[in-house]
Every structure is written in structure tokens, then in C-alpha cells.
Amino acid sequence: LSVAYLFLCKRHADKALTPVNTDTTDLPGHRSVLKRLLSVALPITVSAGVISLSKCLDLALILRRMQDCGRSYAEANALWGCWSTLAVPLFNVLPALTTPVAMSAVPTLSEALNRLRTGAGTKPDADLSPAACAERDAARRDVSRTSTTAIGLTLLLSVPAGLGLYVSAGDVLTMLFPAQPAAVAAAAPWL
């Protein structure tokens with residue numbers, strides 16, 4: 001819907017305004033822009049759909065498996081509610097803490113990888129000047145240092161938090177949801 005809106009706005013703007021410079025030889029065509037937009041938007045859309053589909057499958061499979069284990073539908077539904085409203089949001093705190101670390105590494109990694117791809121990274125050592133060899137080695141060091149730092153920070157945040165959540169899940173849930181002791185007792189073993 002958004003793409004259609006932007007397309008209509010573009011079409012309306014083209015009719016309403018006269019361009020200052022009519023030389024468009026260096027501008028990409030509509031097809032290449034649309035192809036590039038779809039190459040970015042399609043994976044994002046598919047991943048969002050996969051997440052929604054996995055939630056629906058979880059609901060159906062977990063409820064059915066709990067009923068197969070002898071629980072009534074009402075009891076299985078209550079346990080699912082405890083899982084999805086107490087345990088899952090608390091479990092998702094760890095990725096929320098580590099995602100910014102990974103996202104902050106992306107610009108540095110892409111810049112260093114771009115230097116390797118466009119510069120001396122693809123040529124054999126015999127074809128390189130000493131300056132190009134030094135640039136290639138610096139780019140490789142940047143990639144290694146940035147990825148090592150990002151992984152180290154992620155582990156520094158996630159391992160203690162994960163172990164703390166594993167050891168004291170009931171206490172953490174009780175602290176966050178003091179008015180729901182029965183739900184906390186049901187959700188704590190799932191963490």
C-alpha cells in the first residue's frame with residue numbers, strides 16, 4: 001500500500017512540476033528502482049510473515065501437546081497465557097540488550113568489507129603496492145577487531161543475564177508481576 005502511495009505521489013509530482021534539468025541520463029529507471037526496493041522490502045516482509053506464522057504454529061502445537069498430556073483445554077489455554085504474556089517478554093529482554101551491539105557494528109564492518117572488496121582485497125600479493133597491502137591488512141584487522149568486540153560485548157551482556165534469569169526466574173517474575181502469583185508459578189519453569 002505504501003509503495004502504491006509513493007508511486008502515485010511521484011506520478012502526480014511529475015505532472016505538476018517541470019524539472020529544472022531535463023538531462024536524466026545518469027538517473028536509474030523506474031524498473032531498476034523498483035527492483036532495488038523489492039530486493040530490500042521483500043526479505044523484511046517475508047521475515048515479518050514468518051514470525052507471525054511461527055506464533056500461530058506455536059499456539060496450535062503447544063495447546064494441542066498440552067491437551068495430549070492430559071490437561072484440559074482451559075488449563076492449557078491458561079498455561080499458554082502465562083507463557084506468552086510473562087515468560088516470552090522476559091525471555092526477549094536478552095535479544096533487546098544484545099541487538100544494539102550488533103547493529104552498532106554494522107557500519108564499521110560494512111565499511112571495512114567494502115574496502116576489502118573494492119580495494120586491494122581481491123588481488124594477489126604480487127600485484128599490490130606496499131601501501132595497498134597495508135590498506136588491505138588494516139581493513140582485515142578492522143573486520144576482525146569489530147566482530148570480535150561485538151561478539152565479546154554480546155557475550156558479556158547475555159551470558160550473565162541468561163544465567164541469572166535461569167537461576168532466579170521465579171524471583172524476577174515475582175518482582176515484575178507481584179499481583180499474579182499463580183501465573184508466575186506457572187511461567188517460571190518455562191524460563
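Residues 24 or more positions apart account for 58% of the contacts in the protein with a separation of 6 or more. Contact here means heavy atoms within 4.5 Å. The model is predicted: local features need pLDDT of at least 70, side-chain atom pairs count only at pLDDT 80 or more, and totals for chains, interfaces and linings use all residues. Residues are numbered from 1 along each chain as its sequence is written, and side-chain values use heavy atoms, with hydrogens and water left out.

The protein has seven helices and zero strands. Helices (H or I, at least four residues) and strands (E, at least two) are DSSP runs, numbered from the N terminus. Along the sequence the pattern reads α-α-α-α-α-α-α. Of the 191 residues, 18% count as buried. Buried means under 20% relative accessible area, exposed means over 50%, and partly exposed lies in between (1.4 Å probe, protein chains only).

Helix 2 has 39 residues, and its end C-alpha atoms are 55 Å apart. This agrees with the 57 Å that the helix should span at 1.5 Å a residue. The expected span is 1.5 Å times one less than the number of residues. A kink of about 25° lies at Ala 41, shortly before the proline Pro 43. The bend at a residue is the angle between axes fitted to the seven residues ending there and the seven starting there. Just after helix 2, Gly 70 takes a positive phi of about 105°.

Helix 3 has 19 residues. From its first C-alpha to its last it reaches 25 Å, close to the expected 27 Å. A kink of about 30° is centred on Trp 83. The buried residues of helix 3 include Ala 76, Leu 79, Trp 80 and Cys 82. Leu 86, Ala 87 and Leu 90 of helix 3 are buried too. Their cover includes helix 2 (30-68), helix 4, helix 5, helix 6 (169-176) and helix 7 (181-187).

Two packed helices are described by the angle between their axes and the distance between the axes. The axes of helix 3 and helix 4 come within 4 Å and cross at roughly 25°. Helix 3 is therefore roughly parallel to helix 4. Pro 89, Leu 90 and Phe 91 of helix 3 make the contact with Val 93, Leu 94 and Pro 95 of helix 4. These residues divide into six nonpolar, no polar and no charged. Axes are lines fitted to C-alpha atoms, for helices over the stretch in contact, and angles run from 0 to 180 degrees between N-to-C directions. Angles under 35 degrees count as roughly parallel, over 145 as roughly antiparallel, 65 to 115 as roughly perpendicular and the rest as oblique. Ala, Val, Leu, Ile, Met, Phe, Trp, Tyr, Cys and Pro count as nonpolar, Asp, Glu, Lys and Arg as charged, and the others, Gly among them, as polar.

Helix 4 (residues 93-118) should span 38 Å, and its end C-alpha atoms are 38 Å apart. A kink of about 30° lies at Val 106, shortly before the proline Pro 107. Val 106 is partly exposed, with a relative accessible area of 43%. Its C-alpha atom is separated by 9.7 Å from that of Ala 150, 44 residues apart along the chain. Leu 94, Thr 98, Val 101, Ala 105, Ala 112 and Leu 116 of helix 4 are buried. Helix 3 (73-91) and helix 5 (130-167) are among what covers them.

Val 143 is found in helix 5. Val 143 counts as buried because its relative accessibility is 18%. Leaving aside neighbours within four places in sequence, Val 143 is in contact with Leu 109, Ala 112, Leu 113 and Leu 116. The C-alpha atoms of Val 143 and Ala 112 are separated by 6.0 Å, though 31 residues apart along the chain.
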